[in-house]
Amino acid sequence: MSGILAGLTELLQPMAMIALFSGVLLGLIVGSLPGLNDSITMAVLIPVTFGMDPSVAFCLLTGIYCASATGGSIPSILVKVPGTASAMVTAYDGYPMSKKGKSGEALSISMSSSAFGGISSSLVLLFLSPFLAKQALKFGPPEYFMLGVLGMSTVVGMAGKNKLRNIIGLFIGLLISVIGLSPQTGLSRFTFGRMELFDGISLVPMLIGLFGITSVLELIETIKEKTEVSIDDIKVEYTKVRTSIPKKEMIKRLFPTWVQSSLIGNVIGIIPGAGMVMAIFLAYDQAQRMNPNLEFGTGVPEGIAAPEAANNAVVASSMVPLLSLGVPGNSTSALFLGALTIQGLRTGPGLFKETPEIAYLIILAFLVANIIMLPMALLYCNIFATAVLKLKKEILSGIILILCVTGAYAVSNSKFNIVIIIIFGILGYLFNKYKIPQSPLILAAILGKMMENNWIQSMVYANGSILVFVQRPLSLTLLIVSIIFLILPILKRRKDKSAI
């Protein structure tokens with residue numbers, strides 16, 4: 001309770017609240033601009049937060065993370081161009097409803113569903129993170145190594161048809177994690193004689209390259225492409241969009257969908273590497289099964305409510321493994337790891353023990369951000385929803401490029417960081433071209449170092465015996481869960497084949 005009060009005291013500071021409101025507004029703008037998303041924005045802003053008070057910095061980033069998933073539904077509904085990847089399914093029913101002249105109703109359902117999912121995940125974060133952090137105090141090197149194995153296994157086990165691509169991403173991420181001096185021998189590995197690489201690849205420049213520079217390359221590629229709907233069409237058709245909280249009858253109708261989709265989003269969010277895309281497709285599929293009498297894809301309210309509740313439920317719940325165990329739930333939550341590192345903080349049990357005011361500040365900021373997001377999102381739709389779509393991609397790409405370069409340099413005042421963001425920008429662009437997800441790469445690059453250090457410590461502790469991983473109850477439990485994640489998809493595939 002004392003931690004919550006300390007966090008609340010930090011959150012209620014005037015500058016922290018201003019930063020939270022600003023973050024929510026910026027998140028809505030970023031989400032509603034096709035080509036931008038929360039990851040890109042946070043990646044280029046993290047170096048800027050270095051000079052900020054921690055409470056202000058984390059409130060700003062939290063607001064962006066919460067609201068961008070919501071903002072992505074605006075262009076998805078109005079012009080069938082998802083602002084973020086998490087809003088792609090929203091277009092299935094949002095755009096048909098918009099074409100029927102119900103743009104305001106569609107946006108209202110979307111914003112309300114997002115708020116419901118976001119608040120539910122904030123409560124999960126509030127109650128589950130401190131509990132897991134206490135359990136993590138029982139972890140030794142074998143348990144932390146197996147925790148890394150669990151993170152890897154979830155990425156592979158839940159990849160579906162993209163299993164090979166996810167393995168490629170994991171492999172490249174592990175290669176990146178071994179760059180630098182060996183923790184066991186002190187010998188340099190893959191440093192090519194560069195002293196800047198002795199400590200490995202810095203996380204923040206890597207993320208800036210993967211998100212920021214990659215987005216610039218993709219924006220440049222699409223500048224000359226014509227969109228399906230012109231700006232003039234948008235102006236004529238959508239200037240009179242009006243949103244409000246859905247009527248009581250609609251809330252009653254959508255409530256079961258909100259609960260089911262939020263539950264799916266929270267479970268997926270807690271699992272490292274699963275991500276929003278999996279959550280929105282699962283939620284949409286379950287909504288169809290729960291409403292067999294409705295024709296989804298024609299403008300059904302449940303078709304908007306399900307993915308929007310699910311993607312926002314992933315947001316705060318993805319912070320649960322990061323804050324409590326030090327393992328990022330997805331690529332965006334990994335950016336918080338970079339922000340914490342810049343502020344000289346570390347995730348895991350130490351965050352709650354050494355700086356409880358910061359740990360609970362972040363948790364409570366997610367809850368407050370999702371509460372204030374609904375009225376701000378409805379107001380934003382009424383005033384700015386169509387206006388931001390007029391911003392030219394040439395201007396966007398230039399702004400992002402400037403922020404990426406200055407941000408990367410500011411991390412350690414090193415020109416070498418600019419080389420890093422260019423390399424990872426090209427790598428991210430190639431990943432997207434060949435449809436290789438970036439989340440496995442980021443997860444492996446972060447977990448790889450942790451796993452190597454804990455493997456060495458485990459072997460020293462057990463005199464080189466690998467039986468230490470099955471002799472300790474917690475380590476054995478994590479190993480069994482990892483095996484289950486790997487085996488379940490195989491069993492499901494065999495069951496599907498036998499059913500044909």
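Start with Ser-110. Its relative accessibility is 0%, so Ser-110 counts as buried. Buried means under 20% relative accessible area, exposed means over 50%, and partly exposed is in between, with a 1.4 Å probe and protein chains only.

Ground rules, quickly. This is a predicted model: local features need pLDDT of at least 70, side-chain atom pairs count only at pLDDT 80 or more, and totals for chains, interfaces and linings use all residues. Residues are numbered from 1 along each chain as its sequence is written, and side-chain values use heavy atoms, with hydrogens and water left out.

Back to Ser-110. It sits in helix α7, residues 103-136. Helices here are DSSP runs of H or I with at least four residues, strands are E runs of at least two, and numbering goes from the N terminus. What does Ser-110 touch, not counting residues up to four places away in sequence? Ser-73, Ile-77, Ile-304 and Glu-308. Contact means heavy atoms within 4.5 Å.

Next, Ile-208. This one is in helix α10. Ile-208 also counts as buried, at 0% relative accessibility. Leaving out residues up to four places away in sequence, Ile-208 touches Ala-43, Val-44, Pro-47, Ile-213, Cys-404, Gly-407, Ala-408 and Ile-421. One distance for you: the C-alpha atoms of Ile-208 and Gly-398 are separated by 15 Å, and the two residues are 190 residues apart along the chain.

Now a helix pair. The axes of α9, residues 163-177, and α21, residues 439-461, come within 7 Å and cross at roughly 40°. That angle makes α9 oblique to α21. The cut-offs: under 35 degrees is roughly parallel, over 145 roughly antiparallel, 65 to 115 roughly perpendicular, and the rest oblique. Axes are lines fitted to C-alpha atoms, for helices over the stretch in contact, and angles run from 0 to 180 degrees between N-to-C directions.

Who makes the contact between α9 and α21? On the α9 side, Asn-166, Gly-169, Leu-170, Ile-172, Gly-173, Leu-174, Ile-176 and Ser-177. On the α21 side, Pro-440, Leu-441, Ala-444, Ala-445, Gly-448 and Lys-449. By class, that contact has 8 nonpolar, 5 polar and 1 charged residues. Ala, Val, Leu, Ile, Met, Phe, Trp, Tyr, Cys and Pro count as nonpolar, Asp, Glu, Lys and Arg as charged, and the others, Gly among them, as polar.

On to α16, residues 331-342. Its 12 residues should span 16 Å at 1.5 Å a residue, and the end C-alpha atoms are 17 Å apart, which agrees. The expected span is 1.5 Å times one less than the number of residues. α16 is mostly covered, with 11 of its 12 residues buried. Gly-344 follows α16 and has a positive phi, near 80°.

Asn-330 lies in the loop between α15 (319-325) and α16. Asn-330 counts as buried, at 10% relative accessibility.

Phe-192 is not a glycine, yet its phi is positive, about 55°. Phe-192 is in the loop between β2 (188-189) and α10 (203-222), and is exposed, at 72% relative accessible area. Asn-463 also has a positive phi of about 55° without being a glycine. Asn-463 is in the loop between α21 and α22 (468-471), and counts as exposed at 74%.
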